[in-house]
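Subject: A structure for you to look at

Hi,

Here is the structure I promised to pass on. Please open it next to this email and follow along as you read.

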Amino acid sequence: MLSVVPDTTSKINFTDDNTRFDKTGIQYVMNPHDEFGLTKAMQIKESTGAELHVVHVGPQAFEPVMRKVLAIGADKAFRIDMEPGDSYTTAVQLANFLKDKDYDLIIAGKESLDYNGNAVHGLVAAMTGLRFVNAVMGLDFEGDKVKVTREIEGGKEILETRLPLLIGGQKGLVKEEELRIPNMRGIMMARKKPLEVIPPVEATQAVEFLRYEKPPAKSAVKLVDKDNLDELIDLLHNEAKVI
Amino acid sequence: MNILIFAENNQGKPNKTAKELASYARALAGDGGSVTALGFGLQSPEDLYAYGVDKVLNVDDARFGTFNAMAYALALQQAAEKTGAGVVLTGQSADGQYVGPLLGGLLGAAYVTQVVSLPESTEPMVLKRKSFSNKAIATVKIDTDKAVLNLAKNSYGLHENPVDGSTESFAPQVDDAVFDDIRSVRVEKATGKVPLSDAEIIVSAGRGLKGPENWGMIEELADVLGAATACSKPVADMGWRPHTEHVGQTGKQVAPNLYIAIGISGAIQHLAGVNSSKHILVINIDPEAPFFKAADYGVVGDAFEVVPKFIEKLKAFKAEH
Ligand SMILES: Cc1cc2nc3c(=O)[nH]c(=O)nc-3n(C[C@H](O)[C@H](O)[C@H](O)COP(=O)(O)OP(=O)(O)OC[C@H]3O[C@@H](n4cnc5c(N)ncnc54)[C@H](O)[C@@H]3O)c2cc1C
Ligand SMILES: Nc1ncnc2c1ncn2[C@@H]1O[C@H](COP(=O)(O)O)[C@@H](O)[C@H]1O
């Protein structure tokens with residue numbers, strides 16, 4: 001399950017009286033958390049011969065990102081043709097898509113880095129009844145058991161479960177240097193791979209985004225001379241009241 | 001309005017997240033409404049009365065002794081039905097973010113995360129949430145009868161509001177099969193250190209520190225301040241520090257009272273994870289470092305000179321106060 005988001009360096013602006021996100025000049029990329037998941041999926045595909053599919057709920061404009069995923073090595077892509085309105089309607093589409101499939105492992109990211117919902121994958125789990133682990137930073141197979149490492153406050157927890165399984169993946173799932181970029185051969189092959197467009201099912205939004213604002217601007221920094229750290233301590237104690 | 005909160009605990013004591021949820025819930029419930037907390041093995045439920053919780057439902061079934069997301073979500077669902085709660089609150093913690101969407105799905109309720117304000121209206125419910133990695137705040141309207149809200153950490157704060165509370169034990173009906181589906185094997189936690197998630201002060205360092213051997217002074221500074229340690233992404237990627245310390249857009253999002261950034265340039269992805277901090281202090285050798293634009297306090301200087309001096313001064317200050 002792949003989410004497509006503005007590049008992390010994007011300047012965020014709004015139009016139409018601050019009611020809509022301004023897409024002008026925005027470069028869209030694969031959600032970074034999903035990139036770790038995709039790489040993990042590629043590794044599993046390579047070691048087991050599994051078939052790898054990718055599904056995205058989104059407009060045609062994001063197809064280049066899906067072609068990129070095919071170029072990296074996915075076998076088939078599905079695009080559910082809808083502009084996602086909220087986590088709930090997106091999850092309804094994905095749960096409906098999964099209804100007549102029998103995937104062993106479904107990898108999502110723990111969070112999309114645009115609306116920071118941290119929601120879609122968990123909602124899909126509740127809607128489909130799939131076993132679900134969130135914030136996954138490790139996944140290992142031992143026979144028919146799956147060892148899943150999830151991040152918890154101040155550490156990690158190792159869980160044991162089995163397939164089929166839905167995970168919300170993140171950093172740690174694979175190493176940074178294992179992330180992949182498409183090569184020429186992959187790009188050529190991707191052109192011939194199927195990208196199926198599926199019409200959305202009816203669903204009413206649970207949440208509407210009415211308007212946006214920027215967080216209040218910071219006032220200018222107070223610089224303290226490096227030879228006058230007493231002043232810094234005074235500011236932290238008396239002004240900020242943090243020490 | 002009747003409200004239910006998922007009250008997480010630390011060795012039986014309600015943790016800070018639970019108290020913040022209680023504070024928010026009390027304000028949202030108003031005078032006519034009730035605030036119920038569902039806890040698992042709480043030993044001092046009365047700690048929550050101080051923050052406005054009228055009733056604590058305490059689960060003492062041993063099967064719930066270890067966190068299990070689906071089992072907890074089912075328990076919360078049953079508690080919500082029992083108390084007629086229209087809103088259920090979960091915290092921005094590993095367990096809260098795991099249970100939240102499951103519960104939203106089970107209740108057929110809207111699940112709204114990153115909530116930073118009380119609703120400006122309750123019918124319909126309209127409230128603010130952070131979006132675009134803290135680069136914007138969105139006002140959203142909830143169109144379902146019920147809602148599960150995930151409150152952004154340190155966004156509402158702790159507000160004492162003592163009430164005459166009571167506690168009763170609660171026995172959720174959850175099949176053994178749910179517990180067997182996903183079992184906890186073990187937990188690995190760094191002991192004796194302040195966890196990043198609960199820290200009031202965070203001391204964070206970046207590539208400017210040159211190498212892992214130089215972290216001694218960072219840890220010492222953290223010790224003096226009772227702070228947690230964190231780092232920038234490349235520092236974790238190079239293995240200088242554990243990945244659990246990586247903060248930023250793709251790492252942990254933190255919102256302490258004071259965030260101290262040492263030898264970190266202040267890239268947009270780093271800022272996205274830390275700019276909800278109440279106060280930011282930057283120590284950097286380069287006066288042009290972008291982090292100074294996001295800082296409240298700054299020292300331009302060599303960390304290897306400034307940090308040891310700062311530690312000495314702080315020790316003297318602490319000795320007096
Ligand atoms: C998709 C994506 C996601 C990302 N997510 C994150 C994220 O979540 N978190 C994150 O941190 N980064 C993230 N990054 C990386 C980010 O863009 C920066 O590369 C990174 O934050 C830089 O780390 P740094 O500040 O430690 O190092 P640098 O940028 O190298 O900065 C080092 C700083 O140390 C200062 N310095 C040097 N010597 C000294 C000295 N002796 N004393 C004091 N100061 C000194 C320098 O002036 C400089 O400002 C992401 C990047 C991408 C592309
Ligand atoms: N439009 C989408 N299409 C497919 N998967 C999605 C979509 N939006 C979110 N997801 C998946 O759900 C995860 C969590 O997203 P979110 O709830 O938006 O933070 C993402 O990392 C994706 O794996």
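Let's start at ligand 1. A polar atom in the side chain of Ser232(B) sits 2.6 Å from one of the oxygen atoms of this ligand. Before going further, please keep in mind that this is a predicted model, so every value here is computed from predicted positions.

The backbone of Lys233(B) has a polar atom 3.0 Å from an oxygen atom of the ligand. In Thr250(B), an N or O atom of the side chain is 2.8 Å from a ligand nitrogen atom. On its own, ligand 1 exposes 990 Å², and the protein buries 78% of that area. Three helices of chain B each give two or more residues to the shell: H7 (233–237), H8 (268–274) and H9 (303–320).

In total, 27 residues surround ligand 1, and the closest are Arg207(B), Ser232(B), Ser265(B), Gln269(B) and His270(B). By type, the shell has seven nonpolar, 15 polar and five charged residues. Which chains do the residues around ligand 1 come from? They come from chains A and B, so this site is shared between chains.

Now to ligand 2. The residues around it number 20, and those that come nearest are Met1(A), Asp34(A), Ser112(A), Asn118(A) and Val120(A). Here the shell divides into nine nonpolar, nine polar and two charged residues. Four elements of chain A supply at least two shell residues each: strand E5 (53–58), helix H3 (87–98), strand E7 (105–109) and helix H4 (120–128). Of the elements, E5(A) gives the most, with three residues.

In Val57(A), a backbone N or O atom is 2.8 Å from a nitrogen atom of the ligand. In Gly117(A), a polar backbone atom is 3.3 Å from a ligand oxygen atom. In Ala119(A), a backbone N or O atom is 2.8 Å from an oxygen atom of the ligand. The protein covers 95% of the 480 Å² of accessible area that ligand 2 has on its own.

Next, step back and view chain B as a whole. It contains nine helices and 18 strands. Its radius of gyration is 21 Å, close to the 20 Å that the globule rule gives for 321 residues, so chain B is as compact as a globular protein of that length. Along the principal axes, its C-alpha atoms fill a box of roughly 60 × 40 × 40 Å. Of its 321 residues, 59% count as buried. Chain B exposes about 12,100 Å², with 48% of that supplied by carbon and sulfur atoms. Among its contacts with a separation of 6 or more, 65% are between residues 24 or more positions apart.

Is Gln114(B) buried or exposed? It counts as buried because its relative accessibility is 5%, and buried means under 20%. Leaving out residues up to four places away in sequence, Gln114(B) touches residues of both chains, including Glu111(A) and Asn116(A) as well as Gln92(B), Lys128(B) and Gln253(B).

Enjoy exploring, and write back with any questions.

Best wishes

Note on methods:
Residues numbered from 1 in each chain as written. Chains lettered and ligands numbered in written order. Predicted model: local features only at pLDDT ≥ 70, side-chain atom pairs only at ≥ 80, totals over all residues. Heavy atoms only, no water. Near = heavy atom within 4 Å. Polar contact = N/O pair within 3.5 Å; in protein donor to acceptor, adjacent residues only side chain to side chain. Areas by Shrake-Rupley, 256 points an atom, 1.4 Å probe, with all protein chains shown as cover. Nonpolar A, V, L, I, M, F, W, Y, C, P; charged D, E, K, R; others polar. Buried < 20%, exposed > 50% of the residue type's maximum accessible area, 1.4 Å probe, protein only. Contact = heavy atoms within 4.5 Å. Rg over C-alpha atoms; globule rule 2.2 N^0.38 Å.
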